[in-house]
Amino acid sequence: MDKTSIILDTDPGIDDAVAIAAAIFAPQLDLKLLTTVAGNVSIEKTTRNALQLMHFWQKNIPVAQGAATPLVRKLRDAAYVHGESGMEGYAFVEHQRQPLDKPAFQAIYDCLNACPEPVTLVAIGPLTNIALLLTQYPECKPKIKRLVIMGGSAGRGNFTPNAEFNMAIDPEAGARVFESGLEIVMCGLDVTNQAMLSPAYLATLPELNQTGKMLHALFSHYRSGSMSTGLRMHDLCAIAWLVKPELFQTQSCFVAVETHGEFTAGTTVVDLEGRLQRQPNAQVAMDLDVAGFQAWVAEVLALAP
């Protein structure tokens, strides 16, 4: 099987932990590098969480610590959703792992140059590291096959009335990325709000494997749904699109990210009807085969140790 080489930029985060598991254990993917960004919690905590997960799975995938703050704004986190540590609920064992001695954007650039073929970037947190990469090394674009993001919305928001969390945390980074000319796939709230794991499936996780036990413990502290009504797996959608694009209905659109306005910053303006007469710059996921998504999640988590 030809594997898709990916770099995953993330802010773990409980649903990020599930996405990282899928990125590691889906046989179609080859995870080359994990980079962290401040978002769900601080950069120190997201990096610690990424290293804890690598130790838990005994993987030697390098981890690089990224931006501690958005490009021009103060950080607003989501500890109220993910718990104070970002991954409350499971007691990870102590370890001596350390991140690479270089910032995330440099590690991404070095990884892109080390790979013989273009690499897919996957960003499931605020887009700060990707914006820094494109600013510092604009010549790297041919090395990027595409960028798949979890973020944005063609409709309502989940952080402000119009803005999804990742985009609202660093609108300037989002704007820079959508203006970059990269091939972009946007998995926003239009599909991620549909990506529910059912209570019946969640109840089976402790018997599945050690990964299932760990995730079940984290889910008990996750406030993007509940164990009794189902949990939304926002970040997992970006990994699902890579492996099972047929589960998604996408539309080619022009997308812009608003950077001004007390109430509108971070809004993704998704021109579904072509009214702005601008060239499309993204494939926007608009619908999801929920049963197919749930079946794939069960399949990939069963492959974890």
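1. Gly13 sits in the loop between strand 1 and helix 1. In this predicted model, the peptide bond that runs from Pro12 to Gly13 is cis, and its omega is near -10 degrees. Most peptide bonds are trans.

2. Helix 1 covers residues 14-25 and packs with helix 12 at an angle of about 65 degrees, the two axes being 9 Å apart. Helix 1 and helix 12 are therefore roughly perpendicular to each other, and their crossing is left-handed. On the helix 1 side the contact is made by Val18, Ala21, Ala22 and Phe25, and on the helix 12 side by Trp296, Val300 and Leu301. By class, the residues of this contact are seven nonpolar, no polar and no charged.

3. Helix 12 spans residues 290-301, and within helix 12 Phe293 and Trp296 are three residues apart, which puts about one helical turn between them. Phe293 and Trp296 form a tilted aromatic pair, with 6.3 Å from centre to centre and 45 degrees between the planes. Both partners are buried: Phe293 has a relative accessible area of 0%, and Trp296 has 3% relative accessibility.

4. The structure holds nine aromatic pairs. Among them is that of Phe159 and Phe165, whose ring centres are 5.2 Å apart and whose planes stand at 85 degrees, so the pair is edge-to-face. The cut-off for that label is an angle over 60 degrees. Are these two residues buried or exposed? Phe165 counts as buried, at 7% relative accessibility, whereas Phe159, at 24%, counts as partly exposed.

5. Ring pairs also link Phe25, Phe56, Trp57, Tyr90 and Phe92 into a cluster.

6. Helix 9 (residues 199-208) and helix 10 (residues 210-219) have axes that come within 6 Å and cross at roughly 135 degrees. The two helices are therefore oblique to each other; an angle would have to be over 145 degrees to count as roughly antiparallel. The crossing of helix 9 and helix 10 is left-handed. Which residues make the contact? Helix 9 contributes Leu202, Leu205 and Pro206, and helix 10 contributes Gly212, Lys213, His216 and Phe219. This contact divides into four nonpolar, two polar and one charged residue.

7. Helix 4 covers residues 104-114, and its buried residues are Ala104, Phe105, Ala107, Ile108, Tyr109, Cys111 and Leu112. What do the buried residues of helix 4 pack against? Their partners are strand 1 (4-10), strand 2 (29-36), strand 3 (63-65), strand 4 (119-123), helix 5 (128-136) and strand 5 (144-150).

8. Asn40 lies in the loop between strand 2 and helix 2 (43-56). Asn40 is in a loop and is buried, with a relative accessible area of 6%. Asn40 and Asp30 are 10 residues apart along the chain, and their C-alpha atoms are separated by 25 Å.

9. Most residues other than glycine have a negative phi. Gln58 is not a glycine, yet its phi is positive, at about 55 degrees. Gln58 is found in the loop between helix 2 and strand 3 and is exposed, with a relative accessible area of 52%. Gln277 likewise has a positive phi of about 55 degrees without being a glycine. Its place is the loop between strand 11 (268-271) and strand 12 (282-288), where Gln277 counts as exposed at 74% relative accessibility.

Definitions and conventions
Residues are numbered from 1 along each chain as its sequence is written. This is a predicted model: local features need pLDDT of at least 70, side-chain atom pairs count only at pLDDT 80 or more; totals for chains, interfaces and linings use all residues. Side-chain values use heavy atoms; hydrogens and water are left out. Rings of Phe, Tyr and Trp (its six-membered ring) pair if their centres lie within 6.5 Å; planes under 30 degrees apart count as stacked, over 60 as edge-to-face and the rest as tilted. Buried means under 20% relative accessible area, exposed over 50%, partly exposed in between (1.4 Å probe, protein chains only). Helices (H or I, at least four residues) and strands (E, at least two) are DSSP runs, numbered from the N terminus. Axes are lines fitted to C-alpha atoms, for helices over the stretch in contact, and angles run from 0 to 180 degrees between N-to-C directions. Angles under 35 degrees count as roughly parallel, over 145 as roughly antiparallel, 65 to 115 as roughly perpendicular and the rest as oblique. A crossing is left-handed if the near helix is turned anticlockwise from the far one by less than a right angle, and right-handed if clockwise. Contact means heavy atoms within 4.5 Å. Ala, Val, Leu, Ile, Met, Phe, Trp, Tyr, Cys and Pro count as nonpolar, Asp, Glu, Lys and Arg as charged, and the others, Gly among them, as polar.
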